[in-house]
Amino acid sequence: MLTANDNRAAGSAADNRGADSVAALARESYRGIALYSTPRGRCSVDLSDNTNLWGAPPAALRTLAAVRDEDVTRYPVAYEPALAAALADYVGVSADMIACGCGSDDVLDSAIRAFAEPGEVVCLPEPSFSMIPVFARTNGLCPVAIPLTRSFDVDVDAMLETGARIIYLCSPNNPTGGALPRRTVEQIVENARGLVIIDQAYAEFGGDSFTDLASSGRPVLVTRTMSKAFGLAGLRVGFGIGSPELIAEVLKARGPYKVNALGERAAIAALDSDRAWVDERVDEVVANRSDFRAELAKRGFASLESSANFVLVPVDDCAATASRLERAGIRVRALPGLTGIGDAIRIAIGPWEMMQRCLDAMVASA
Ligand code: PMP
């Protein structure tokens with residue numbers, strides 16, 4: 001007769017065999033890809049993810065509180081036409097130029113899948129949004145990173161020379177915070193071989209809008225999100241702007257029902273009724289960003305110019321700095337060994353009392 005211990009031993013041998021056979025079956029090209037890791041537990045001042053630190057917009061919250069039975073029991077309308085119309089009104093295009101997604105992550109991932117065959121090149125600047133090489137690899141493509149120039153502009157010639165099927169640009173750029181000059185973006189758009197993606201997740205906080213390039217007759221997709229200025233990161237609503245033909249290809253790759261009904265309703269409410277609330281928060285970010293950078297400089301920290309709702313601060317040892325700040329109740333993003341910069345911490349901008357606590361902790365931990 002088998003004892004409980006025998007059963008456990010047999011179970012764990014089977015588990016190991018299971019893990020081995022899964023590893024043998026899984027796509028070989030996925031072996032080097034790790035799951036995205038985020039910090040565990042709450043922190044009293046969390047400045048690590050560039051969300052809206054004032055909270056969620058009021059009309060969106062009211063809508064969520066009044067959720068109806070059918071919002072939960074029924075499927076949403078495929079491809080979210082009502083949300084697309086509200087977003088189109090917000091950015092000044094027609095609704096057939098909008099593809100929504102489960103965060104702009106989903107739109108970026110779908111576009112990368114839609115516009116290149118496995119083995120082709122996705123070119124991106126470095127440093128830039130860390131998920132792009134991951135989306136390239138999970139879709140069987142080859143990411144090629146081109147370092148930013150010394151003035152943190154993209155290297156137009158080097159990017160074009162890759163002959164990439166997809167060129168990714170990010171303005172304002174995460175994690176450096178800089179916005180791209182219009183001429184740089186136009187040169188890439190005019191000369192690229194394939195799709196140009198312009199990620200504008202932080203557009204509300206500064207820099208030029210490149211929405212007009214989506215109507216330029218060239219294959220351009222501008223991506224935006226409700227996660228940052230609009231304070232709805234937890235609902236996962238993002239969108240892309242492109243020509244109707246380009247948007248149809250992105251939606252094919254994306255598939256139906258990717259935005260949940262509650263996210264859709266809350267995002268529509270925010271777009272209809274919370275724009276003034278968002279504008280006020282954005283104004284406060286811009287004022288606090290400039291004061292925070294000035295206060296950092298007084299304390300000996302030279303941060304990079306930023307058009308986003310965060311600043312990047314080069315430091316000697318980012319892991320040590322971030323863990324000292326975490327002990328003081330402040331969470332920032334540690335970014336080790338950034339190309340052309342070295343170690344740095346990225347700090348989101350929020351209400352001034354949070355920024356003051358961060359400044360105090362930085363001096364105490366320096
Ligand atoms: N692009 C950039 C540059 C980002 O920083 C982020 C979020 N960190 C995203 C896209 C994705 O945001 P979301 O999926 O929440 O729209």
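Trainee: What should I know about the model before I start?

Mentor: It is predicted, so local features need pLDDT of at least 70 and side-chain atom pairs count only at pLDDT 80 or more, while totals for chains, interfaces and linings use all residues. Residues are numbered from 1 along each chain as its sequence is written, and side-chain values use heavy atoms, with hydrogens and water left out.

Trainee: How many aromatic pairs are there by the rule?

Mentor: The count is three aromatic pairs. Rings of Phe, Tyr and Trp (its six-membered ring) pair if their centres lie within 6.5 Å; planes under 30 degrees apart are stacked, over 60 edge-to-face, and the rest tilted.

Trainee: Why is the pair of Tyr75 and Tyr257 called tilted?

Mentor: The ring centres are 5.0 Å apart and the planes stand at 40 degrees, so the pair is tilted. Tyr75 is in the loop between helix 3 (69-73) and helix 4 (81-91), and Tyr257 is in the loop between helix 9 (244-254) and helix 10 (261-273), 182 residues apart. Helices here are DSSP runs of H or I with at least four residues, strands are runs of E with at least two, and both are numbered from the N terminus.

Trainee: Why does Tyr257 count as partly exposed?

Mentor: Buried means under 20% relative accessible area, exposed over 50%, and partly exposed in between (1.4 Å probe, protein chains only). Tyr257 has 41% relative accessibility, so it counts as partly exposed. Tyr75 has 69%, so it is exposed.

Trainee: What makes the pair of Tyr202 and Phe310 edge-to-face?

Mentor: Their planes are at 80 degrees and their centres 5.0 Å apart, so the pair is edge-to-face. Tyr202 is in the loop between strand 6 (195-199) and strand 7 (220-225), whereas Phe310 is in strand 9 (residues 310-314). Both Tyr202 and Phe310 are buried.

Trainee: Which residue lies over the face of Phe310?

Mentor: Arg346 does, at 5.7 Å from the ring centre. The rule asks for NZ of Lys or CZ of Arg within 6 Å of the ring centre and within 35 degrees of the ring normal.

Trainee: How many residues of domain 1 are in contact with domain 2?

Mentor: 23 residues of domain 1 are in contact with 23 residues of domain 2, where contact means heavy atoms within 4.5 Å. The domain assignment, automatic or from a database, gives domain 1 (45-53 + 276-365) and domain 2 (59-273).
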